[in-house]
Amino acid sequence: MNKKLLAAALGLAFAAPVFADSSNVVLYGRVNENLVNNKTDGTAGQGTTMQDASSRLGVKGSEDLGGGLSAIFAYEFSVATDNNKGVGGRHSYVGFKSNELGTLVFGTQDGGNDSQAPLYNQAMEVAYGVSNNAGELATIGGGAGYIGSGINTATNSYSVINRTQRVSNAIGYATKFGDVEVNFRHAMVGKNNLGAPPAGVNSSATVNESGARQTEIAATYRHGPITVGGGYQDYTYANSVASGVAAGADNLDNLYQLVGAYDFNVAKVSLVYGSAKLRQPVAGDDRIADYRLSTWVPINGNTGLTASYGRADQLAAPNLKDKVLQVAAYYDFSKRTRTYFGVNQAKQEQAAASDIKTTAVVLGLRHNF
């Protein structure tokens with residue numbers, strides 16, 4: 001009996017390397033805190049506040065499956081450093097990464113780590129002319145508000161360009177062909193386990209996850225100082241007053257995007273352009289055209305200046321026009337710690353009402369770990 005047990009034990013010992021643990025798990029995060037002075041013309045009770053700017057805590061990992069294939073996963077959570085309240089969800093996914101075939105992931109995706117947000121990430125890369133990617137100095141908004149969000153003081157959103165960032169129940173894929181990177185995402189955005197559809201998505205209570213869908217794809221060419229690209233986003237869902245959408249509500253139908261940038265070494269300039277079609281059940285279709293011109297100048301290895309101008313025009317009534325002008329500077333104490341200062345001035349011109357003007361002065365400190 002002892003000989004049989006010994007033989008079995010030796011067999012297990014020699015078999016173990018077949019399933020040897022070749023995985024790794026990384027804990028990471030960001031702490032990003034702002035002092036912000038807001039002023040909106042004609043609005044009382046505003047002043048200086050301390051605000052969190054998309055701080056986060058995450059864990060990600062991979063396992064080598066052999067042959068250039070790895071299993072990957074990530075969970076990322078939002079945290080609030082200004083009041084230490086609440087933990088929310090950002091992205092969570094599982095999938096595969098192949099040296100030859102690209103990356104395929106499933107879950108909630110926002111463009112972080114290996115998750116996919118094709119148009120948002122493409123616009124963010126090209127227009128990243130500010131010192132951070134959150135709060136009042138955000139260049140590209142991640143919400144679904146495609147007009148008016150430039151002056152939304154309730155949510156502290158000051159970006160005239162808004163692209164869909166985070167969606168659940170999504171399949172994402174990324175691959176490269178030489179100098180061209182292709183990013184794809186398909187999401188089922190019906191109500192089944194979301195409770196309610198994302199803002200801007202017209203979906204009735206009877207529409208399940210697969211009954212309302214969002215698909216987007218982007219291609220970006222990078223070679224030397226040149227970056228150019230384009231993308232397309234499409235929604236498929238029921239569109240009628242009977243579906244539960246209020247008359248006159250804007251619902252995204254499709255969106256085209258073009259981007260371009262050139263690095264002159266002493267300065268980099270970029271342009272993001274988008275054209276979105278909005279469905280309105282009663283009032284008829286609408287269209288939003290937006291663009292952002294950015295430049296940023298590195299002074300030395302850890303200091304730089306940035307400036308950008310953005311605009312979004314609503315073609316149908318009430319013919320809103322959002323404009324944002326921004327200047328900012330940053331100083332890097334190290335590769336992980338940055339301080340920044342910026343001024344963001346937003347103006348909304350309204351055909352049937354008085355214009356709204358908002359100014360935000362921001363001083364921030366950000367640390368990545």
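Mentor: Happy to! Asp 290 and Arg 163 are both buried, where buried means under 20% relative accessible area, exposed means over 50% and partly exposed lies in between, with a 1.4 Å probe and protein chains only. Do keep in mind that this is a predicted model, in which local features need pLDDT of at least 70 and side-chain atom pairs count only at pLDDT 80 or more, while totals for chains, interfaces and linings use all residues. Residues are numbered from 1 along each chain as its sequence is written, and side-chain values use heavy atoms, with hydrogens and water left out.

Asp 290 and Arg 163 form a salt bridge, with their closest N and O atoms 3.1 Å apart. This pair brings together distant parts of the chain: Asp 290 sits in strand 15 (residues 286-300), Arg 163 in the loop between strand 8 and strand 9, and 127 residues separate them. A salt bridge here is a side-chain nitrogen of Lys or Arg within 4 Å of a carboxyl oxygen of Asp or Glu. Helices (H or I, at least four residues) and strands (E, at least two) are DSSP runs, numbered from the N terminus.

Let's stay in that loop for a moment. Between strand 8 (161-162) and strand 9 (167-177) we also find Gln 165, which is buried at a relative accessible area of 15%. Beyond its neighbours within four places in sequence, Gln 165 is in contact with Gln 109, Asp 110, Ala 117, Tyr 120, Gly 142 and Arg 185; contact means heavy atoms within 4.5 Å.

Take Arg 185 to begin with. Its side chain meets that of Glu 216 in a salt bridge of 2.7 Å, N to O. Arg 185 belongs to strand 10 (residues 180-188) and Glu 216 to strand 11 (residues 213-223), so this pair ties together parts that are 31 residues apart in sequence. Arg 185 is buried with a relative accessible area of 0%, and Glu 216 is buried as well, at 1%.

In total, the count of salt bridges is 10. Another of them links Asp 114 and Lys 97, whose closest N and O atoms are 3.0 Å apart. Here, too, distant parts of the chain are linked: Asp 114 is in the loop between strand 6 (102-109) and helix 2 (118-127), Lys 97 is in strand 5 (residues 87-98), and the two are 17 residues apart. Lys 97 is partly exposed, with a relative accessible area of 32%.

Tyr 120 is one of the buried residues of helix 2, along with Pro 118, Leu 119, Gln 122, Ala 123, Met 124, Val 126 and Ala 127. That makes eight of the 10 residues in helix 2, so the helix is largely enclosed by the rest of the structure.

This leads us into the nonpolar interior. A nonpolar core is a set of buried Ala, Val, Leu, Ile, Met, Phe, Trp, Tyr and Cys residues joined through side-chain atoms within 4.5 Å. The largest core has 23 residues, and Ile 140, Leu 252 and Val 272 touch the most other members. Helix 2, strand 13 (251-263) and strand 14 (268-279) each contribute at least two residues to this core, and helix 2 provides the largest share, six residues. A second, separate core has six residues, among them Val 36, Tyr 330, Tyr 340 and Ala 360.

To finish, let's step back to the whole protein chain. Its secondary structure consists of two helices and 19 strands. Of its 369 residues, 41% count as buried. Among contacts between residues at least 6 apart in sequence, 54% join residues at least 24 apart.
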